[in-house]
2 protein chains.
Amino acid sequence: MTTAENLAQAVTPVVEDYLKAIYLMERAHMQVKTVLLAERMNVKPSSVTAMVKALAEMGLVEHEPYYGVHLTPSGERIALEVIRHHRLIELYLVEALGFTWDEVHEEAEVLEHVISEKLEARIAAHLGNPVRDPHGDPIPTLDGALPTDPTHTLADLPLKTRGRVVRVCDQHTERLRYLAGLGLVPGARVQVVAREPFDGPVTVQIGKESHALDHQLARKILIEK
Amino acid sequence: MTTAENLAQAVTPVVEDYLKAIYLMERAHMQVKTVLLAERMNVKPSSVTAMVKALAEMGLVEHEPYYGVHLTPSGERIALEVIRHHRLIELYLVEALGFTWDEVHEEAEVLEHVISEKLEARIAAHLGNPVRDPHGDPIPTLDGALPTDPTHTLADLPLKTRGRVVRVCDQHTERLRYLAGLGLVPGARVQVVAREPFDGPVTVQIGKESHALDHQLARKILIEK
DNA sequence: ATTAATATTTAGACTGGTCTAAATATTAAT
DNA sequence: ATTAATATTTAGACCAGTCTAAATATTAAT
């Protein structure tokens, strides 16, 4: 009677976290493999194996052994609910309680699992049923729909074209603070004024000032023309 | 090697809940005995025994076997923090998100364990460092001080004396809704117009209307002259 | 086609918290 | 002072979730 066979009943916070991680990885077109998931979850691979087995028994994921995992519709539904909670909470903390966008992630990380549907609804209503959180991350609707992202990033926006920052795909506190200092936050109007070859830095103009931005970082900033 | 001997490390939400329950019972001048605590925690007495042993090893309670438990200073500190969280959250949900006083208890019951000190501080600031929650329950300050309650209740307020409701010691949803319907909420100005003998009903005047109130219930409504 | 490196899974132990069933202690009632 | 009723504690099992160490499978490299 190994551990894995006993696991698996309720949708606990831990289960929600696994589903969320799987969802986000699948969405980033990754193959969801044991080690990767283990890294994300800060857990050893063997723990992932056990949990995945449990999730499969609950009908929340399908598991091709030695290949990868993917969410079933019910798994995805739960993941989207949790993500909705997370992003609503982030936005609420910023809008209603004066948090900055670099402070809200950890807080939302625990709150997302414990707010009731009623509280979720009140928060959403208070915010006017918003579509994106402070990072521009799309907030799933109640029925699991997601606004689509713009196709351009600062790394491929044509030169001299005006655009607007829609989303910043990063949750590193220091980097977010840096970007906020530059004015590179969702809503900002920007323009690429220079771009070095071989994936070199991108020079971006925000308002009157220009700054050189690492290519890797530029790719994380989603732009709408 | 019995279970109890292995228990006991971190201050988990469950530990916080036990400490809170013990605190509230001690405060109500009860002897904190195993069965009573078990009832409060919705748990079997044997579980309480195990947990109490663990709490004692953590230095959070002192345990006189077969007699009772009481909190050490560090146990009390934790209990007060959790209660502060709970009551701040209750008040916040009412003030900022339009909850009614009968809806907030369950929500606060889980949130109390997961809000950070930073979020606690913002909530407190946003509310203007309040002293009582929507039920009039006193909110411990950061250093663990508690405002004192009035000594009178509706059950012993002298006839024809004007008073103000300070606190309603009840968390039963339906009863709270009933009391709110009568206008018997913290802040309300009241007066006892009649009182039947042998712990019979108390007739209370709120505004223009009078209502008969069960003696047991009247004792839970704390009044300041 | 072997071998080596890497990824995945199994086996089995541990912790926190609960439970049931049985043992023991205390209190109340005769 | 026994007995009966009740409260408390112990013994031992279980579940969720993790871990380490070992076994097995897959992929890459020669």
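**A walk through chains A and B**

Let's start with helix 4 (residues 45-57) of chain B: at 1.5 Å a residue, its 13 residues should span 18 Å, and its end C-alpha atoms are 19 Å apart, which agrees. The expected span here is 1.5 Å times one less than the number of residues, and helices (H or I, at least four residues) and strands (E, at least two) are DSSP runs numbered from the N terminus. Keep in mind that this is a predicted model: local features need pLDDT of at least 70, side-chain atom pairs count only at pLDDT 80 or more, and totals for chains, interfaces and linings use all residues. Residues are numbered from 1 along each chain as its sequence is written, while chains are lettered from A and ligands numbered from 1 in the order in which they are written.

Helix 4 of chain B has V48(B), M51(B), V52(B), A54(B) and L55(B) as its buried residues (20 or more other C-beta atoms, placed from the backbone, within 10 Å of the residue's own). Seen down the helix axis, they fall within an arc of 160°, so they line one face of the helix; the arc is that of the directions from the axis to the C-beta atoms. After helix 4 of chain B comes G59(B), with a positive phi near 75°.

Over in chain A, 6 strands form an open sheet in the order 3-8-4-5-6-7, with antiparallel pairing (strands pair if DSSP finds at least two bridges between them). Strand 3 (152-153) and strand 7 (209-213) of chain A are the edges, each pairing on one side only. Strand 3 of chain A pairs with strand 8 (residues 221-224) of chain A over 2 bridges, and H152(A) sits opposite I223(A).

Definitions and conventions. Buried ≥ 20, exposed ≤ 12 C-beta atoms within 10 Å, placed from the backbone.
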